[in-house]
Amino acid sequence: AGAAGFELPEGTQLTAQSVYIVNLDTGLCVYEKNADEKRSVASLTKLMTALLLIENVEDLEGTYISGGTALYTEEITDPQASNADILPNEEVRAIDLLYAMMLPSANEAAKNVGYFLGNGDLNNFYALMNARAAALGCTNTNFTSTNGLVDMDEGNYSSAHDIALITQECWKHEVFRTVVGTAAHQMPAAESHNEPYNILSL
């Protein structure tokens, strides 16, 4: 009942084209604006990739994932693209890929996860993403990317309401809460990295 009377604090200005604010204690939406409009969601796509990693890999600490050079397309190797300096064929623990996706928004980490969970076929992973979104009640969402580097006109989109549903599901997992509450994470040394190195949240 209290949430139903929620008003934005005086002086608050919303510049976002779509907004969906939910009370996590009650599950009630307390404010929305164009919440069901389909929009390009960019790196928010990684929330679904992270959720599927958490739900499908039981041992995040002991599972190692690597992506071959074929995954490292121009969109990934672009110096301006977000990354965690994970190199082709480098074996990385699933937990480190989760940190890489959520802290510096590493595009190569998300693509490696999708390749792994899709059994070597990214289209299989997109099908998993869309099936999970539908199961969560998302009605204005379609994924054709693991990391959000594909725009709306190429079929990768969601809405503020649907992203809220996905995020709430992520939030149920303690490991997700721990990861997103971390400012910096040390990636361990690997064959292509002689020393551990730090990745920072954006």
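The crossing of α1 and α6 is left-handed, a term used when the near helix is turned anticlockwise from the far one by less than a right angle, with right-handed used if clockwise. The model is predicted: local features need pLDDT of at least 70, side-chain atom pairs count only at pLDDT 80 or more, and totals for chains, interfaces and linings use all residues. Residues are numbered from 1 along each chain as its sequence is written, and side-chain values use heavy atoms, with hydrogens and water left out. Helices (H or I, at least four residues) and strands (E, at least two) are DSSP runs, numbered from the N terminus.

The axes of α1 and α6 are 10 Å apart and the angle is about 30°; axes are lines fitted to C-alpha atoms, for helices over the stretch in contact, and angles run from 0 to 180 degrees between N-to-C directions. Leu47, Met48, Leu51 and Glu55 of α1 make the contact with Ile163, Ile166, Thr167, Glu169 and Cys170 of α6, where contact means heavy atoms within 4.5 Å. By class, six nonpolar, one polar and two charged residues take part; Ala, Val, Leu, Ile, Met, Phe, Trp, Tyr, Cys and Pro count as nonpolar, Asp, Glu, Lys and Arg as charged, and the others, Gly among them, as polar.

α1 also packs against α4, at an angle of about 45° and with axes 10 Å apart. That angle makes α1 oblique to α4, because angles under 35 degrees count as roughly parallel, over 145 as roughly antiparallel, 65 to 115 as roughly perpendicular and the rest as oblique. The crossing of α1 and α4 is left-handed. In α1, Lys46, Thr49, Leu52, Leu53 and Asn56 meet Asn107, Ala110, Val113 and Leu117 in α4.

Buried means under 20% relative accessible area, exposed over 50%, and partly exposed in between (1.4 Å probe, protein chains only). Leaving aside neighbours within four places in sequence, the contacts of Met101 include Lys46, Thr49, Leu53, Ala110 and Val113.

Aspartate 85 lies in the loop between α2 (74-77) and β4 (92-93). Its phi is near 60°, a positive value in a residue other than glycine, and it is partly exposed, with a relative accessible area of 37%. Asparagine 89, in the loop between α2 and β4, has a positive phi of about 70° although it is not a glycine.
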